[in-house]
Amino acid sequence: MIVQRVVLNSRPGKNGNPVAENFRMEEVNLPDNICEGQVKARTLYLSVDPYMRCRMNEDTGSDYLTPWQLSQVTDGGGIGIIEESKHKNFTKGDFVTNFCWPWQTKVILDGNILEKVDPKLVDGHLSYFLGAIGMPGLTSLLGIQEKGHITAGSNQTMVISGAAGACGSLAGQIGHLLGCSRVVGICGTHEKCLFLTSELGFDGAVNYKRGNVAEQLRELCPAGVDVYFDNVGGDISDKVISQMNQNSHIILCGQISQYNKDVPYPPPLPPAVEAILKERNITRERFLVLNYKDKFEPGILQLSQWFKDGKLKIKETVINGLENMGAAFQSMMTGGNTGKQIVCISEDTSL
């Protein structure tokens with residue numbers, strides 16, 4: 001059987017900006033027969049995420065991320081429907097997910113690495129398992145629970161950078177749900193600022209491409225910042241940290257502004273900002289969601305319940321077609337998405 005797949009065509013270089021042409025489409029033959037313990041599945045949705053930029057380098061700079069190999073199929077979060085199973089846990093028609101799903105139209109996978117998902121948890125929106133009711137949702141929820149130190153009723157202010165992205169758009173809402181009295185987002189367009197305040201319930205939004213970010217933050221956070229959900233790092237984070245209160249907390253989720261630079265992760269702070277951390281006793285510990293696997297199941301159920309109750313609003317930017325994986329990745333890395341960037345490979349769930 002001939003299937004289409006996406007492979008890594010070239011590396012952007014440690015300090016380069018990724019482009020769609022770093023990826024290419026090709027056809028490959030998929031075996032007709034599967035072995036014991038395997039499943040054959042048709043890909044429905046694939047995810048592109050900022051961490052993948054590190055996988056484009058020969059050295060990812062991280063012990064838990066393996067680099068993509070040139071001319072080999074790329075992979076990431078995916079959802080599919082099983083067409084054939086020789087694994088005891090799965091039957092034809094099951095929906096399954098995994099975060100090392102090959103970027104190809106059909107796949108043969110070891111059933112032991114797959115997880116069955118229940119469409120009822122997402123009211124049939126299967127792609128949500130790659131976003132709000134999946135790893136980005138868990139990253140936002142567990143990051144805030146584990147590193148945010150929020151106490152309901154204590155009048156805390158939370159700031160989120162990259163606030164209109166997959167994690168940021170959820171983190172602000174979750175901050176409110178867990179008890180923050182004020183939530184302010186930072187993003188890159190007027191439209192995204194409006195989206196945060198009018199649709200997601202943020203109390204304020206800063207467009208970092210317009211006006212003075214520090215001044216806007218002072219206006220919107222008159223009592224200072226108690227919790228900072230950091231998705232971007234760099235100059236924006238330095239400005240937020242300078243307005244953080246004594247004994248406040250940084251949730252170090254991502255550093256997208258630094259991913260195209262050859263720097264260690266997490267990147268070192270300027271000496272003046274490092275001094276602020278020490279003087280004000282601000283915690284800034286790396287957060288890695290994979291360290292909290294025992295909390296995934298209750299976390300997913302909580303996110304699903306909030307979604308069903310209308311308390312968690314979910315936004316996606318969807319591009320159709322496997323051939324557009326590279327374009328979707330490039331767009332996501334330059335802020336082209338609002339909410340989770342998804343690539344729809346097939347919406348056909350019939351067998």
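Predicted model: local features only at pLDDT ≥ 70, side-chain atom pairs only at ≥ 80, totals over all residues.
Local features are reported at pLDDT of at least 70 and side-chain atom pairs at pLDDT 80 or more, whereas totals for chains, interfaces and linings use all residues. Residues are numbered from 1 along each chain as its sequence is written, and side-chain values use heavy atoms, without hydrogens and water.

**Nonpolar cores**

The largest nonpolar core comprises 49 residues. Such a core is a set of buried Ala, Val, Leu, Ile, Met, Phe, Trp, Tyr and Cys residues joined through side-chain atoms within 4.5 Å; buried denotes under 20% relative accessible area, exposed over 50%, and partly exposed the range in between (1.4 Å probe, protein chains only). Tyr-45, Ile-133, Ile-160, Ile-174, Leu-196, Phe-229 and Leu-303 have the most contacts inside this core. Helix α8 (residues 296–308) supplies its largest share, five residues. Helices (H or I, at least four residues) and strands (E, at least two) are DSSP runs numbered from the N terminus.

Beyond its neighbours within four places in sequence, Phe-229 is in contact (heavy atoms within 4.5 Å) with residues including Ile-144, Val-159, Ile-160, Ala-171, Ile-251 and Cys-253.

**Helix α8**

Helix α8 has 13 residues and spans 18 Å from its first C-alpha to its last, close to the expected 18 Å at 1.5 Å a residue; the expected span is 1.5 Å times one less than the number of residues. Its buried residues are Phe-296, Gly-299, Ile-300, Leu-303, Ser-304, Trp-306 and Phe-307. These lie on the same side of α8 because they cover an arc of only 160° around the axis, the arc being that of the directions from the helix axis to the C-beta atoms. The elements covering them include α2 (135–147) and α3 (168–177). Just after α8, Gly-310 adopts a positive phi of about 80°.

**Thr-43 in strand β3**

Thr-43 belongs to strand β3 (residues 38–47) and is buried, at 0% relative accessibility. Its side chain makes a polar contact of 2.9 Å with that of Trp-101. A polar contact is a pair of N or O atoms within 3.5 Å; within protein, one must be able to donate a hydrogen and the other to accept it, and residues adjacent in sequence count only if both atoms are side-chain atoms. Leaving out residues up to four places away in sequence, Thr-43 also touches Ile-79, Gly-80, Ile-345 and Ser-346, among others.

**Cysteines**

The structure holds zero disulfides, a disulfide being a pair of cysteine sulfur atoms within 2.5 Å. The sulfur of Cys-54 lies 13 Å from the closest cysteine sulfur, that of Cys-253, and is therefore too far away for a bond. Cys-187 is likewise in no disulfide, and the nearest cysteine sulfur, in Cys-193, is 3.6 Å away. Both Cys-54, at 16% relative accessibility, and Cys-187, with a relative accessible area of 4%, are buried.

**Loop residues**

| Residue | Loop | Relative accessible area |
|---|---|---|
| Asp-118 | β7 (115–116) to α2 | 31% |
| His-149 | α2 to β8 (157–161) | 42% |
| Asn-281 | α7 (271–280) to β13 (283–286) | 48% |

His-149 has a positive phi of about 50° although it is not a glycine. Asn-281, also a residue other than glycine, has a positive phi near 55°. Asp-118 and Cys-35 are separated by 83 residues in sequence and by 26 Å in space, C-alpha to C-alpha.
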